[in-house]
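Please walk through this model from the overall fold to the helix packing, and then to the DNA.

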2 protein chains.
Amino acid sequence: MILTMSKVDRRILKSQEAIKKAFLELMSDKNFDDITIQDISDRANVSRGTIYLHYADKFDLLNKLIGEHINEMRKICHSASELDYHEGNLPWFAYLESHYLFFSTMLASKGAPSFRSQFTEFLIEEFKEEVDTTAGKNHGLHEDVLLQFIVTSYVGIVEWWITNGMPHPPHVMAEQVGVLLERNL
Amino acid sequence: MILTMSKVDRRILKSQEAIKKAFLELMSDKNFDDITIQDISDRANVSRGTIYLHYADKFDLLNKLIGEHINEMRKICHSASELDYHEGNLPWFAYLESHYLFFSTMLASKGAPSFRSQFTEFLIEEFKEEVDTTAGKNHGLHEDVLLQFIVTSYVGIVEWWITNGMPHPPHVMAEQVGVLLERNL
DNA sequence: CAGTATATGTGCATTACTGAACAAATCAAT
DNA sequence: ATTGATTTGTTCAGTAATGCACATATACTG
């Protein structure tokens, strides 16, 4: 995939979309362990064999689903890296909102425990370039400590916002979190 | 198709559903003449060739779409023929409501003029068995006159209800129309 | 009018999806 | 433990959908 964006067959995309959608819907009212491949194929209105055509098993499906969202968020981060913390946070919360079903499911108590850690890991990676303990208000702090402080609070805020049904609109969250980030970075 | 309900390939159903849905959506904000096959395939996310696999042209598509709904309504009529006019009307208006997009589009001023006549023709066929001018309150009336009277009013009521955004819920309409039918049949 | 673009309908080789069958693994309950 | 029922993962031949090319027809436009 160096320069070959040779358009994927639309049947592949449609099948994968249907499968992922069905899986998410099942996740929202069933435990991951209780979901069978048959459940997914029934709900997605897709042959059972088609699922194996794209995913090794349901763990692979979950991982790829998570991976795709992490990737999308990575893109958003990079395309907003030039903006200030207020403006830069908006596409972030907008993305969270537009994929509410995914995030609420993954962050639910019986959701996907692996998501939380992958999410945290991703944020550490992204914020690493932002922190500066060589000068300014954070001079003298350990980089890893500050980084952990920021990321933990960010994950916490997101988790709270999602699991509480998004009590504030994205632009309000973006602004508030922007203030808090600016204060600490 | 005597007793061979040998299940249709789900790909066929999915494609046809997508095509019909796309076509209806386009009809709701475009004139029929201005809709191209390309428009439909784009919106349905289906190859242009796939449309020709199922329909000869867009006229055929429209006719089959109308035909299917007429057929569904025929089934409803027959399965409700034992009920009184009040109860029997409920599944009717429920069906109209659940396919609001279709009926509102077809009955719109620039909709499908052919639908109105097919609709009327269908109703005449169905009501023909109901009218009785040999005795009772309608003794002495010409059957064709009474039939035309009933059907015209029925079409008119439906058209009004749909194009005015369904101002009353189905069960109210069923009851009201039930009273009016009983008075004239 | 010529010329250009867009839409149509058809044919075809390739591809993804399908249903069915199968053996193996897992689970449930006796 | 031993049944019996699901679920799993794989294989395979058949089928529908795909993209592309092509010729034709039908607008637009200068």
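The paragraphs below take the chain, its helix pairs and the DNA surfaces in turn.

This is a predicted model: local features need pLDDT of at least 70, side-chain atom pairs count only at pLDDT 80 or more, and totals for chains, interfaces and linings use all residues. Residues are numbered from 1 along each chain as its sequence is written, while chains are lettered from A and ligands numbered from 1 in the order in which they are written.

Start with chain A. It has nine helices and zero strands; helices (H or I, at least four residues) and strands (E, at least two) are DSSP runs, numbered from the N terminus. Along the principal axes, the C-alpha atoms of chain A fill a box of roughly 60 × 40 × 30 Å. Of the 185 residues in chain A, 18% are buried, with 20 or more other C-beta atoms within 10 Å of their own, these atoms being placed from the backbone. Take the contacts in chain A between residues at least 6 apart in sequence: 61% join residues at least 24 apart. A contact here has C-beta atoms, placed from the backbone, within 7 Å.

Now the packing. Helix 7 (residues 113-127) of chain A packs on helix 8 of chain A at about 130 degrees, with the axes 10 Å apart. Axes are lines fitted to C-alpha atoms, for helices over the stretch in contact, and angles run from 0 to 180 degrees between N-to-C directions. The two helices are therefore oblique to each other; angles under 35 degrees count as roughly parallel, over 145 as roughly antiparallel, 65 to 115 as roughly perpendicular and the rest as oblique. F119(A), T120(A), L123(A), I124(A) and F127(A) of helix 7 meet L147(A), I150(A), V151(A), Y154(A) and V155(A) of helix 8. That contact has nine nonpolar, one polar and no charged residues. Ala, Val, Leu, Ile, Met, Phe, Trp, Tyr, Cys and Pro count as nonpolar, Asp, Glu, Lys and Arg as charged, and the others, Gly among them, as polar.

Helix 6 (residues 100-107) of chain A also packs on helix 8 (residues 143-163) of chain A, at about 110 degrees and with axes 9 Å apart. That makes the pair roughly perpendicular. F103(A), S104(A) and L107(A) of helix 6 contact E159(A), I162(A) and T163(A) of helix 8.

Finally, the DNA. Which residues come nearest to DNA strand C? Of the 18 around it, they are R11(A), S15(A), S47(A), T50(A) and I37(B); a residue is near if its C-beta atom, placed from the backbone, lies within 6 Å of the strand. Around DNA strand D, T36(A), I37(A), S15(B), S47(B) and T50(B) come nearest.

Technical notes. Two residues are in contact if their C-beta atoms, placed from the backbone, lie within 7 Å. A residue is buried if 20 or more other C-beta atoms lie within 10 Å of its own, exposed if 12 or fewer, and partly exposed in between; C-beta atoms are placed from the backbone.
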